[in-house]
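Work through the exercises below with the structure open beside you. Try each task before reading its solution.

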Amino acid sequence: MSRRPVRLLGVALWTLLVGGCAAYISPLQPPPYRDQIAAPYDTTWNALIRALAFDNVPLRVVAKDSGVIASDDIVSPIGVYADCGSRGGSPLEGETLVSFTVFVRANGAATQLQINSKMRTFRLAKFGGLKADPNYECVSTTRWEPNLVDAVRRFVKE
């Protein structure tokens with residue numbers, strides 16, 4: 001019996017194993033961040049605008065009547081606001097485009113906030129530099145959202 005089919009099978013299995021390790025693994029999407037501020041709607045809205053301005057967040061939509069604030073894309077290093085998963089067992093490195101939408105709703109004497117995030121890779125680290133790469137979906141590290149809510153609470157007290 002010839003060793004050629006066995007050798008080809010071995011090469012095919014090795015290719016599958018090595019190729020499988022280099023596959024992109026997407027992180028799981030957390031639910032939208034929700035919290036409540038113990039202040040009326042108008043007070044919370046003004047504190048939210050101040051907190052976003054303090055963080056220098058570029059805004060695309062500000063609609064007080066409907067309670068929606070949407071940011072423009074923010075360029076951020078992967079790992080700060082966004083988890084973009086891994087490829088080949090190593091976490092992706094580079095930059096992301098991050099945007100947030102905040103929904104504000106009166107709830108009696110308190111105000112409810114919901115923060116939705118949308119994130120994707122912008123440039124990935126390759127061979128000593130940043131190179132444009134296909135867009136991979138990323139998820140929030142859930143660091144920015146609670147920090148924003150804490151800032152809103154501080155501004156509400158002022």
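A residue counts as buried if its relative accessible area is under 20%, as exposed if it is over 50%, and as partly exposed in between. The model used here is predicted.

**Exercise 1.** Decide whether Phe-155 is buried or exposed.

Solution. Step one: Phe-155 has a relative accessible area of 13%. Step two: the cut-off for buried is under 20%. Phe-155 is therefore buried.

**Exercise 2.** Describe how helices α2 and α3 are arranged.

Solution. Begin with the positions: α2 covers residues 41-54 and α3 covers residues 144-157. Their axes lie 8 Å apart, at an angle of about 120°. Roughly perpendicular ends at 115 degrees and roughly antiparallel starts over 145, so α2 and α3 are oblique to each other. The hand of the crossing is right-handed.

Next, list the residues that meet. On the α2 side they include Thr-44, Ala-47, Leu-48 and Phe-54, and on the α3 side they include Trp-144, Leu-148, Val-152 and Phe-155. Sorted by class, the contact of α2 with α3 has eleven nonpolar, two polar and one charged residues.

**Exercise 3.** Where does Thr-44 lie, and which residues does it contact beyond its neighbours within four places in sequence?

Solution. Thr-44 belongs to helix α2. With a relative accessibility of 0%, Thr-44 is buried. Its contacts, with those neighbours left aside, are Ile-37, Ala-39, Thr-111, Leu-113, Val-152 and Val-156.

**Exercise 4.** Classify the aromatic pair of Phe-54 and Phe-155.

Solution. A pair of aromatic rings is described by the distance of the centres and the angle of the planes. The model has five aromatic pairs. For Phe-54 and Phe-155 the centres are 6.2 Å apart and the planes are at 65°. Planes over 60 degrees apart count as edge-to-face, and this pair is edge-to-face. Phe-54 is in helix α2 and Phe-155 in helix α3, so the pair ties together parts 101 residues apart in sequence. Phe-54 is exposed, at 61% relative accessibility, whereas Phe-155 is buried.

**Exercise 5.** Classify the pair of Tyr-81 and Phe-100 by the angle of the planes.

Solution. The ring centres of Tyr-81 and Phe-100 are 6.2 Å apart and the planes are at 85°, so this pair is edge-to-face. Tyr-81 sits in the loop between β5 and β6, and Phe-100 in strand β9, so the pair ties together parts 19 residues apart in sequence. Tyr-81 is partly exposed, with a relative accessible area of 23%; Phe-100, at 3%, is buried. Finally, ring pairs link Tyr-81, Phe-100 and Trp-144 into a cluster.

Definitions and conventions. Residues are numbered from 1 along each chain as its sequence is written. This is a predicted model: local features need pLDDT of at least 70, side-chain atom pairs count only at pLDDT 80 or more; totals for chains, interfaces and linings use all residues. Side-chain values use heavy atoms; hydrogens and water are left out. Axes are lines fitted to C-alpha atoms, for helices over the stretch in contact, and angles run from 0 to 180 degrees between N-to-C directions. Helices (H or I, at least four residues) and strands (E, at least two) are DSSP runs, numbered from the N terminus. Angles under 35 degrees count as roughly parallel, over 145 as roughly antiparallel, 65 to 115 as roughly perpendicular and the rest as oblique. A crossing is left-handed if the near helix is turned anticlockwise from the far one by less than a right angle, and right-handed if clockwise. Contact means heavy atoms within 4.5 Å. Ala, Val, Leu, Ile, Met, Phe, Trp, Tyr, Cys and Pro count as nonpolar, Asp, Glu, Lys and Arg as charged, and the others, Gly among them, as polar. Rings of Phe, Tyr and Trp (its six-membered ring) pair if their centres lie within 6.5 Å; planes under 30 degrees apart count as stacked, over 60 as edge-to-face and the rest as tilted. Buried means under 20% relative accessible area, exposed over 50%, partly exposed in between (1.4 Å probe, protein chains only).
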